[in-house]
Amino acid sequence: MGNNPYVASRMVSQAKWFALAKVGVAIASLLTQFVLVRNLGVDDYAAYTIFVAGTAVLVFVTMFGMDRVVYRFMPPLREAIKWREVLLLMLGLISVRLLCMLLLLVGLYFFSSLLLPQQIVEQSSSIPLQYIAYGLSSACNDSLLIFCNCLGLQKRQAVLFMLSGCVRLIGLASLVFVHDLTVIDVANVFSATECVLSLALLLVLAREFVQLRRDAPPRLPLNFGFSFRALWRDSLGTQAAYMLGLPFRGALLKLIVGSVATPLVTASFGFFQTLSDRAYQFMPIFLAKGIIEPSLASDYSKHHDIERIRSAVSLLLRFNYVIIGMGIASLLGCGEPLINWVTHGRYGGEMLLAVFIVFQLAGMSLGESLFLSLNPIGRISHHNRLWLWFSLPFLGLLGLCAYLRSPLLLVLVSTTPYYIIYGWLRWVNREPSLQKGLGIGLPVLMRLVIAVGGAALVARLVLLLPGGNLIIALSLLCCLAAFVLALRFVGLFKRAELPALARVSPRFSRLLEPISS
C-alpha cells in the first residue's frame, strides 16, 4: 500500500476492478430507476425527482472545486508519503464542506417557504429530516470518493458504491411486495444506505493511513509544497465556474422544471434526466476524473509534454461521443415503444425530450474534457474566467425558457455554452493544448452520424415485424450490434493513435482495439 499508486502497473490493476465495479453501479442504478418509475405514482415520482435533484445541487454547491484541487495538489504529497500533509489537507477540505452543507440544510429547513417555489415546498414537505441526513452523507461520500481516487483506492471505493447501490435496490424492491411504494419509503432507503456508505469509506481511508504512517520516512517539518493561497485561488475559481455552470446541468434543470411544470412533465423530465446522469457517471470522460486525471497530472509533472495529455483526452472524448451516438441511435430507432414498455406507458410520448437530453451529454462531455486537458498542466484559471463571462447571458436565456415553460428549450440552451467555451479557447485564445483539437472535428462527427443513422434504420426495420415486447427488445439488440459494426466500418478510431494512450492508460487502449481500424 505504500507503493506509488500512479505507476502504470498499479493503474492497470485498479482500472480493471474499478471498471467492473462501475458496471455494477450503473446496472444497480438503472434497475433502481426502473423499479421506481414502475411503482411510484406520477406525483410521488415527481417528489422523488425533487428530493434527489435538490440534494445533488447542494452537494455541487458545497464542492469548492475540491475534485480539481485534490487531483492537482495531492499526488505529489502521496508519492512522497507525506501522510500528515495529506491527512490535514483532507480534513480541512471536508470539514469546510460539511459545515457549509449543514448551514444550507438548516437554513432551507426553517426558511424554505421564503426561499423556494411553492411547488417544490409542497413536494418536499413530507421528508424534511431525510433531506438533512441524505444531504450530509452525500456531501461526505462525494468528498471521500475523491480522496480514495487520489490515493489509489479506486477499486475499493467503487466496490463499496456498487454494494450500496445493490442494497438500495434490494430494499426498494422488497418494499414493493409489502405495500404501495411512496416517496417517504424511497427517501428513507436512500438516506440509510448513504449513511452506511459514509462509514465504510471512512474505514477504508483509515486503514490506508495506518499503512502510510508505517511506510513514511522519518518525520520532518510539515511541507505541503504549494501555497494555500494558490490552493484557495484554484478552488474558489473552479467553484465559481462550477456554480455558473450549475444551471446547465441536470440536477438544477430538474428543479427548474419542477418549479414551473406539471407533475407529469416533471416526472418524465426527471426520469430521462436521471437516466442521462447515471449514464454520464459511467462514461469514460467522467471515469477519467478518478482514474486517469491523477495519472495525467503526475505524467505532466515529469515530462511536461502537452501532446501526451491532448492525445489521451481526445480519445476519451471521442469514445464518449461513441456512447452518446449509441444512445441517440437507440432512441431514434426504437425509443418510443421502448420507453412505453419500461414505464408502463407513462412517458413514451416525451421521446423527443429524451433525445435532447442525450444531446446534452455531448456538451457536458466536452466541458469535462476541457477540465481534464487544462487542469493537469495548471492552465485551468483562464477557463474558469471564461465561464464567469459567457454563462451570464445564458442564465437569462434559461430564465426565459422557464418562463415559457419549455423543457426542450431549457435543455438546448443548457448545452450551448460548452461549445462556445471550447471554440473561444481554441480559436480566439489559441490555447496550446487545444490547437490540434480534441478529436471531434467535422469529419469525425460525420462518420458518427453515418453509424447512428444506419443503426437506427436497422432498429426501425426490425420493429416492422410482429411480436410485441419481444420485437422491441430484439430491435434494441440489433440497433446496438449494427452501431458497433458501423463504427469499425467508418474508421472512427485508428490503431496508430492507441500507443500514445497506452503510455497513460494501457487498459483503456486495449478497450478501443476491437473498434479501431
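## Basis of the report

Contact means that heavy atoms lie within 4.5 Å. The model is predicted, so local features need pLDDT of at least 70 and side-chain atom pairs count only at pLDDT 80 or more, while totals for chains, interfaces and linings use all residues. Residues are numbered from 1 along each chain as its sequence is written, and side-chain values use heavy atoms, leaving out hydrogens and water.

Leu 77 belongs to helix 3 (residues 66-79); helices here are DSSP runs of H or I with at least four residues, numbered from the N terminus. Leu 77 has 2% relative accessibility and is therefore buried (under 20% relative accessible area; exposed is over 50%, partly exposed in between, with a 1.4 Å probe and protein chains only).

Leaving aside residues up to four places away in sequence, Leu 77 touches Lys 82, Glu 85, Val 86, Leu 89, Asn 223, Phe 224 and Phe 226. Asn 223 is 146 residues from Leu 77 along the chain, yet their C-alpha atoms are separated by 9.1 Å.

## The nonpolar cores

A nonpolar core is a set of buried Ala, Val, Leu, Ile, Met, Phe, Trp, Tyr and Cys residues joined through side-chain atoms within 4.5 Å. The largest has 144 residues, of which Tyr 48, Met 74, Phe 147 and Phe 483 touch the most other members. Helix 14 (residues 306-342) gives the most to this core, 15 residues. Apart from it lies another core of five residues, including Leu 58 and Met 101.

## Leu 102

Leu 102 is located in helix 4. Its relative accessible area is 37%, so Leu 102 is partly exposed.

Conventions:
Helix = DSSP H or I, 4+ residues; strand = E, 2+ residues; numbered from the N terminus.
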